[in-house]
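Here is a short report on the structure shown below. Keep the sequence and the coordinates in view while reading.

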Amino acid sequence: MPAIDLDRVGPGFADPVHDAQRVFRSLLTAMAEPGRIVTLDLPLVPPPGLSLAQCATLLTLADRDTPVWLAPSIDTPDVADFLAFHCASPRVGSPLGARFVVLPDLAQLPALDTLDLGDPAYPDRSSTLIVEVTELAEDGPLELQGPGIPDRRRLYAGGWSTATTRFAAANHAGFPLGVDLVLCCADALAALPRTCRITESTGASSCT
Amino acid sequence: MTDPAAPERDLPERRAWLGLLARAPAHALRAALTHIDDRPPFTWLRQPECGLVMVQARSGGSGARFNLGEASATRCVLRIDGGPVGVGHVLGTDAGQCGDIALCDAMLQDPRYADAVREQVLEPLGSQEQERRAERAGRMERSRVDFFTLVRGDD
């Protein structure tokens, strides 16, 4: 493991134990209610390349047992040293071996078969994708259904394309295998676990 | 650090002062540090956190390595505002002592404070440590038994 240059590493959580507990609670809420947007209220300065929500999620969940893959455009010394210092996470060269896959936008989603979808005996041993989006709103063209959602929930995620919808559909079709998505936008995040059925509709009155 | 060779070059000296600071009694370090009036403000990169380290040993100093047991240890990292980064590692669970070590380490790397810390902290702690060692060596010396075998004149 290369030496960490501490000169470019900033502080992590101001209150490591309680901040991590708060973020963990928020992530539980987001995962249990897919599409619900939770806002993190933390005095955290992420390294350039990561948003506050991405940084807080990694600080809370990543440790020395969870390999992390960073998309090439954010695989900078700033981000790498920050993760190495605060999380002690090993970084891997391909998303296949990674527990956490960190992406700066939805356009860089790798193909589903290049991700770790878990093992049929242990579907939980799959990758979680931590993706930054330009905008996140609780009303929009994405219609979510599934566990944790009473009837339907709507979501808008900046940068979502039909390719993303196909990715999500294929991911859901492989249940119980598949990856879970955490969409981050500045200090807000929403989760789209593999249980979530996502359809793209145009009008706001699509409830039949 | 713009010069990649700099950390390597500073390593032996820095290792020596970190060892001296970590071995010094917490109260002696704190007392020495209070002699420095303009201690700089700093930011925690890693607040003091306690954990366990596995102490390994070799029997006789040269045998196979084995796990002797766990010891509690505390570590922290801080940055002097607009200055260098200091680290503190110390046996035990004294967060204050650990912070003092890290602050000294950072100040020793900062030309604005290095001389004051050398004079007020490192030198007194160094001589105190030598006294402790000499006193202990003296105690050991008084109770030392020299074993020797008389040459038997039977050949």
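## Helix α4 of chain B

Three residues of α4(B) are buried: B:V117, B:V121 and B:L125. The model is predicted. The helix itself covers residues 114-142 of chain B. How far apart are the end C-alpha atoms of this helix? They are 40 Å apart. At 1.5 Å a residue, the 29 residues should span 42 Å, so the two values agree.

The helix has a kink of about 30° at B:L122. A proline, B:P124, follows shortly after that point in α4(B).

## Chain B overall

Chain B holds four helices and three strands. Read from the N terminus, the order of its elements is α-α-β-β-β-α-α.

Now the dimensions. For a compact globule of 155 residues, the radius of gyration would be near 15 Å. Chain B has 21 Å instead. Its C-alpha trace spans about 80 × 35 × 35 Å along the principal axes.

Of the 155 residues in chain B, 22% are buried. Take the contacts in chain B with a separation of 6 or more: 54% of them come from residues 24 or more positions apart.

## Helix α3 of chain A

In chain A, helix α3 spans residues 77-86. Is this helix mostly covered or mostly exposed? Mostly covered: seven of its 10 residues are buried. They are A:V79, A:A80, A:D81, A:F82, A:L83, A:A84 and A:H86.

What do these buried residues pack against? Their partners are two elements of chain A, α2 (52-61) and β2 (68-70). Just past the end of α3(A) comes A:A88, with a positive phi of about 60°.

## The three-stranded sheet of chain A

Chain A also has an open sheet of three strands. Its order is β6-β5-β9, and the pairing is antiparallel. The edges are β6 (153-157) and β9 (197-200) of chain A, each of which pairs on one side only. From one strand to the next, the twist averages 60°.

Strand β5 of chain A takes in residues 136-145. How many bridges join β5(A) to β9(A)? There are four, and the two strands run antiparallel. One residue pair can be named here: A:Q145 has A:R197 in β9(A) as its bridge partner. In general, the strands of a sheet pair through backbone hydrogen bonds, in either a parallel or an antiparallel way.

Terms used:
Residues numbered from 1 in each chain as written. Chains lettered and ligands numbered in written order. Predicted model: local features only at pLDDT ≥ 70, side-chain atom pairs only at ≥ 80, totals over all residues. Buried ≥ 20, exposed ≤ 12 C-beta atoms within 10 Å, placed from the backbone. Contact = placed C-beta atoms within 7 Å. Rg over C-alpha atoms; globule rule 2.2 N^0.38 Å. Pairing = 2+ DSSP bridges. Axes fitted to C-alpha atoms, helices over the stretch in contact; angles between N-to-C directions. Expected span 1.5 Å × (residues − 1). Bend = angle between axes of the 7 residues up to and from the residue.
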